[in-house]
Amino acid sequence: ESERVMSASSSSSSSSVSLHALSFPQLNALKESSEVEMEHLKNSLTQLSAVRNRLQMGRVAVEELKKTEIGTEIMVPLSQSVLVRGTLAANDRVLVDIGTGLYVSKDDEGARAALRRQIDVVEKNMSQVQTELGERTKQHHAIVVSMQEKLQADPELMQSMRMSNK
């Protein structure tokens, strides 16, 4: 059975190519392209994981805020890296980032629900990226196997590869 790899040219119309029909240089270029795509997917997964963790920390912070006494000195984030001292004036409402820099005031239940929805969206995206990464990993393996088969079948190609690696 001939191995086939999907082209990533467009998400709506993809085509497949027989790996055995490709030359060694074409396989090598495809392998390198595959490695770049896999690295991009891994980076996306890392970024999504960081977003999910930040949202989960936000849910915990909302729960803890409700338990904090009014008048307690707290550190208030102005940005991801800037905190200022403040005094808790109320513990029944928080500002929730709803995207593109817009914030809305919510009670603790509404804030937790909004954060849960955002976490669900991020986790769905993570699942899609993980599935795609799994597929790309299988394709990469098939490419490498096909390259190894071509090297074993062609002693001259194997010799030229040894010479170029010196």
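Q: How much space lies in the largest pocket, and what makes a space a pocket?
A: The largest pocket holds about 1300 Å³ of space. A grid of 1 Å is laid over the protein atoms alone, and a pocket is an open set of points with protein on both sides within 12 Å along at least five of seven lines. Points are joined across faces, edges and corners, and the volume is the space filled by probe spheres set on the points. This is a predicted model: local features need pLDDT of at least 70, side-chain atom pairs count only at pLDDT 80 or more, and totals for chains, interfaces and linings use all residues. Residues are numbered from 1 along each chain as its sequence is written, and side-chain values use heavy atoms, with hydrogens and water left out.

Q: What makes a residue part of the lining, and which lie nearest the centre of the largest pocket?
A: A lining residue has an atom within 4 Å of a point. The largest pocket has 30 of them, and Gly-58, Ala-61, Pro-77, Leu-95 and Tyr-103 lie nearest its centre.

Q: Which elements each supply at least two residues of that lining?
A: Helix H1 (24–67), strand E3 (73–77), strand E5 (93–99) and helix H2 (108–153) do. H1 gives the largest share, 9 residues. Helices (H or I, at least four residues) and strands (E, at least two) are DSSP runs, numbered from the N terminus.

Q: How do the residues of the pocket lining divide into nonpolar, polar and charged?
A: There are 20 nonpolar, 6 polar and 4 charged. Ala, Val, Leu, Ile, Met, Phe, Trp, Tyr, Cys and Pro count as nonpolar, Asp, Glu, Lys and Arg as charged, and the others, Gly among them, as polar.

Q: What makes a space a cavity, and how many of 30 Å³ or more does the structure hold?
A: In a cavity, a 1.4 Å probe fits but cannot get out. The structure holds 1 cavity of 30 Å³ or more.

Q: Why is Val-104 called partly exposed?
A: Buried means under 20% relative accessible area, exposed over 50%, partly exposed in between (1.4 Å probe, protein chains only). Val-104 has 27% relative accessibility, so it counts as partly exposed. Val-104 sits in strand E6 (residues 102–107).
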